[in-house]
Amino acid sequence: MIFDRLTDSILRHLQHNGRISNAELAQKVGLSPSACLRRVKILEQEGIIQGYRAIVDKNAVHSMSTVIVQITLERQTDDCLRRFESRVRECPDVKECYLMTGDADYLLRVEARDMSDYERIHKEELSRMPGVVRIQSNFAIRPVVQPWKS
């Protein structure tokens, strides 16, 4: 896929609203509906668009806290990283995980119902992951910028 201004525009619009109709998307990016649909299908087939999802207001469903967690491992060998990453993928409370540069090795976004729930996650999940030597947790007060809201 060749990335150009139109492809960037398609991706930007779909990231903002994954339910936009093809006709509306085509109009916004300046393509015919058939040309726009062709580009979107190629982006999906090549794995650039990996899927579509619903963003649920966690406060409307149940009150959840977002915890930003920095994890430091004892070593950064391929084996240590691979073992940690394999285990963190199995933890349903971890919603996002990033390998980082800087002081911490990983940055996680964890969701917990309350402090007691986070204590459980910390004790039973995070602290038991292979190679973890340091966990630093920060509770988010509220979101300020989210990519799906403007």
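Student: Buried means under 20% relative accessible area, exposed means over 50%, and partly exposed is in between, using a 1.4 Å probe and protein chains only. Is Phe 84 buried or exposed?
Tutor: Phe 84 has a relative accessible area of 0%, so it counts as buried. Before going on: this is a predicted model, where local features need pLDDT of at least 70, side-chain atom pairs count only at pLDDT 80 or more, and totals for chains, interfaces and linings use all residues. Residues are numbered from 1 along each chain as its sequence is written, and side-chain values use heavy atoms, leaving out hydrogens and water.

Student: Where is Phe 84 found?
Tutor: Phe 84 sits in helix α5, residues 78-89. Helices (H or I, at least four residues) and strands (E, at least two) are DSSP runs, numbered from the N terminus.

Student: Which residues is Phe 84 in contact with, leaving aside neighbours within four places in sequence?
Tutor: Contact means heavy atoms within 4.5 Å. With those neighbours left aside, the contacts of Phe 84 are Ile 71, Leu 73, Cys 97, Tyr 106, Leu 108, Met 129, Pro 130 and Val 132.

Student: What about Arg 87, which helix does it lie in?
Tutor: Arg 87 lies in helix α5. At 27% relative accessibility, Arg 87 counts as partly exposed. Not counting residues up to four places away in sequence, Arg 87 touches Arg 128, Met 129 and Pro 130. The C-alpha atoms of Arg 87 and Leu 126 are 9.5 Å from each other, while the two residues are 39 apart along the chain.

Student: New topic. Does Asp 117 count as buried or exposed?
Tutor: Asp 117 counts as buried, because its relative accessibility is 4%. Asp 117 is found in helix α6, residues 115-124.

Student: What does the side chain of Asp 117 reach?
Tutor: The backbone nitrogen of Arg 113, at 2.9 Å. The side chain of Asp 117 also makes a polar contact with the side chain of Arg 120, at 2.9 Å. A polar contact is a pair of N or O atoms within 3.5 Å; within protein, one must be able to donate a hydrogen and the other to accept it, and residues adjacent in sequence count only if both atoms are side-chain atoms. Leaving aside neighbours within four places in sequence, Asp 117 is in contact with Glu 111 and Ala 112.

Student: Back to the start of the chain. How many residues has helix α1?
Tutor: Helix α1 has twelve residues, 5-16. From first C-alpha to last, α1 reaches 17 Å, close to the expected 16 Å at 1.5 Å a residue. That expected span is 1.5 Å times one less than the number of residues.

Student: What caps the N-terminal end of α1?
Tutor: Asp 4 does, with a side-chain oxygen 3.2 Å from the backbone nitrogen of Leu 6.

Student: Which residues of α1 are buried?
Tutor: They are Leu 6, Thr 7, Ser 9, Ile 10, Leu 11 and Leu 14. Their cover includes α2 (22-29) and α3 (33-45).

Student: Now the whole chain. How many helices and strands are there?
Tutor: The protein chain has six helices and four strands. Their order from the N terminus is α-α-α-α-β-α-β-β-α-β.

Student: What domains does the domain assignment give?
Tutor: Domain 1 covers 5-46 and domain 2 covers 58-139; such bounds come from an automatic or database domain assignment. Taken over C-alpha atoms, the centres of domain 1 and domain 2 are 35 Å apart.

Student: And what percentage of the chain's residues count as buried?
Tutor: Of its 150 residues, 31% count as buried.
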